[in-house]
Amino acid sequence: MRGIRGRIVGTYLAITFLSVMFFEIILIYGLTEFYYSSIESELNRSAQSIIHNYNQYLNNYDLSKDAKILLESTPGNTVAQVQIIDDKGILLADSIDPSMEGEKLDYYDINMALGGKQAVWKGKIPLTGEPVFSVSWPITHSDSEEVIGVVRVITTLSDVNEILKNHILILVTLGFCIVFLIFFTGLALTNTIVKPVKEITSAAKVMARGRFDVRVAKRYDDEIGELGATLNYMAQELSNHQKMKNDFIASISHELRTPLTSIMGWIITINSEDIESKEELKEGLDIIERESKRLADLVDELLDFSKFDAGVITLRKGAVNLEELLRYIKRQMEPRAERKGITMTIDIDEGLPVIEADENRLKQVFINIIDNSFKFTQKGGYIDIIGRKRENCVLVRIEDSGCGIPKEDIPKVTQRFFKGDKTVSGSGLGLAICDEIVKLHNGEINIESTVGKGTTVDVILPV
Ligand SMILES: Nc1ncnc2c1ncn2[C@@H]1O[C@H](COP(=O)(O)OP(=O)(O)O)[C@@H](O)[C@H]1O
Ligand SMILES: [Mg+2]
């Protein structure tokens, strides 16, 4: 198990395991202490009561005689084994197992008690191996403080150990349950992260190979879901872009093909010397000139576009008299209007302010927009060029009575490579370039249009 899952589950497992172990050790230690110390105090109480009895009633200091009587006087409620031992360590009386009477006993607690100190001993009975707990108290002469014997109370630890064992078993089982619970919830939880991430990764790999039609399924509404959605969005954008690029290549090839075909055709005709008259020759050369110019313009547009794309365009600003500029453009366009049967008018506010701008670039913008109007306006239509003073800016409006732009296409026309009507010539870059130029001037372009009625393009330039 590697990766995120390994790190998270591994860490939590280690932490839980260590803390469970730590608390269980403390708990088990405390429990054992509790049971053992309550046994010890119980044994001490019994031993003390026997000594008390001895001092109270039998105090003639001959233990060998009194031992049996003393045993009988021990409180009946004690389940422990009681031994009376003399000052040499010889067992005088045993409440449970008299067979050892008369033998010398050698245990730590007895030896300590013979030295005058009360002591406890925990160990196993040599014969049966049974775990026992014993306390020994010295019996002293009331005058001389001399040790005359020992009272030893013994109890088996088997029962308590059994109880403790059960407790420990329960605790350990519980501990393992907790660790397993953490392990499985950790696995399940990290799966909610790892699985979608894996899906997103494999989708991204497919996309990297150029297939933008794959999409990541949304599982959760969280950061990972958002990542998937973003990736989907990216794929959508890339696929749009790819489609636009393909369209662009197709249309640009077409754009280049058409004039080239007509130029080639005329060159072949002229070359074959089939030309009958001087007029025909002139017509052919005119067409070649016009078509060559179209090609040069198209190439210029492409070059311009790639410069904008690289962001290396700089404006050469100077004082621009917009009125003069617009009138000049209108004059330049007049022959085309006549040829197409379109009425062109111009209406400029008096005292239109002179603005700081790149004149050639602005000319390019207006010619582009008016060129569109010509392309999309039928015979008998009109094109108006309007210049207006506004507060802190100038508005140049090109209005036509052309075919208009569908509402959903209006935001797209300033995108590069967008062409509404694929059969009309053009690269789809015109308005995109206009938009860039106007933005460089800190201005904006607004387009309004109604299908079948006409289009209004506003260029707003700051003064
Ligand atoms: N005056 C207009 N009337 C109708 N449609 C227009 C007009 N101006 C622009 N459009 C639409 O916007 C598209 C993009 O224009 P443009 O960027 O100049 O590219 P192009 O002229 O090469 O097609 C055009 O293809 C056309 O569909
Ligand atoms: Mg155009």
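Me: Does aspartate 213 count as buried or exposed, and at what relative accessibility?
Reply: The model is predicted, and the value is computed from it. Exposed means over 50% relative accessible area. Aspartate 213 has 55% relative accessibility, so the residue counts as exposed.

Me: Which side chain does aspartate 213 meet in a salt bridge, and what is the N to O distance?
Reply: A salt bridge needs a side-chain nitrogen of Lys or Arg within 4 Å of a carboxyl oxygen of Asp or Glu. Aspartate 213 meets arginine 211, with N to O at 3.3 Å.

Me: How many salt bridges does a search of the whole structure find?
Reply: The pair of aspartate 213 and arginine 211 is a salt bridge. Lysine 293 and aspartate 297 form a salt bridge too. For the whole structure, the search finds 20.

Me: Where do lysine 293 and aspartate 297 lie?
Reply: Their closest N and O atoms are 3.1 Å apart, in a salt bridge. Lysine 293 is exposed at 52% relative accessible area, and aspartate 297 is partly exposed at 39%. The two are four residues apart, about one turn of the helix, and both lie in helix α6 (residues 278-310).

Me: With which residue does arginine 388 form a salt bridge?
Reply: Arginine 388 is in strand β9 (residues 382-390), and its partner is 39 residues away, in the loop between β7 (343-348) and β8 (355-357). The closest N and O atoms of the pair are 2.9 Å apart.

Me: Which residues do salt bridges that share partners join into one network with Arg388?
Reply: Arginine 388 forms a salt bridge with aspartate 349, a pair that links distant parts of the chain. Salt bridges with shared partners join Arg388 into one network with Asp347 and Asp349.

Me: What is the nearest side chain of opposite charge to lysine 419, which is buried yet has no salt bridge?
Reply: Lysine 419 sits in the loop between β10 (393-400) and α9 (430-440). Leaving out residues up to four places away in sequence, lysine 419 touches Ser251, Glu255, Val424, Ser425, Gly426, Ser427 and Gly428. A salt bridge needs the nitrogen and oxygen within 4 Å. The nearest side chain of opposite charge is 4.1 Å away and belongs to glutamate 255.

Me: Which residues are in contact with phenylalanine 305, leaving aside its neighbours within four places in sequence?
Reply: Phenylalanine 305 is in helix α6. At 10% relative accessible area, phenylalanine 305 is buried. Its contacts beyond those neighbours are Arg416, Phe417, Leu429 and Ile433.

Me: How do the axes of α4 and α5 run relative to each other?
Reply: The axes of helix α4 (residues 158-208) and helix α5 (residues 223-271) come within 10 Å and cross at roughly 10°. Angles under 35 degrees count as roughly parallel. The two helices are therefore roughly parallel.

Me: How do the residues of the contact of α4 with α5 divide into nonpolar, polar and charged?
Reply: On α4 the contact is made by Thr192, Ile193, Pro196, Val197, Ile200, Ala204 and Met207. On α5 the residues are Ile224, Leu227, Gly228, Leu231, Asn232 and Ala235. They divide into ten nonpolar, three polar and no charged.

How values were computed
Residues numbered from 1 in each chain as written. Chains lettered and ligands numbered in written order. Predicted model: local features only at pLDDT ≥ 70, side-chain atom pairs only at ≥ 80, totals over all residues. Heavy atoms only, no water. Axes fitted to C-alpha atoms, helices over the stretch in contact; angles between N-to-C directions. Parallel < 35°, antiparallel > 145°, perpendicular 65-115°, else oblique. Contact = heavy atoms within 4.5 Å. Nonpolar A, V, L, I, M, F, W, Y, C, P; charged D, E, K, R; others polar. Buried < 20%, exposed > 50% of the residue type's maximum accessible area, 1.4 Å probe, protein only. Lys, Arg positive; Asp, Glu negative; His and termini not counted.
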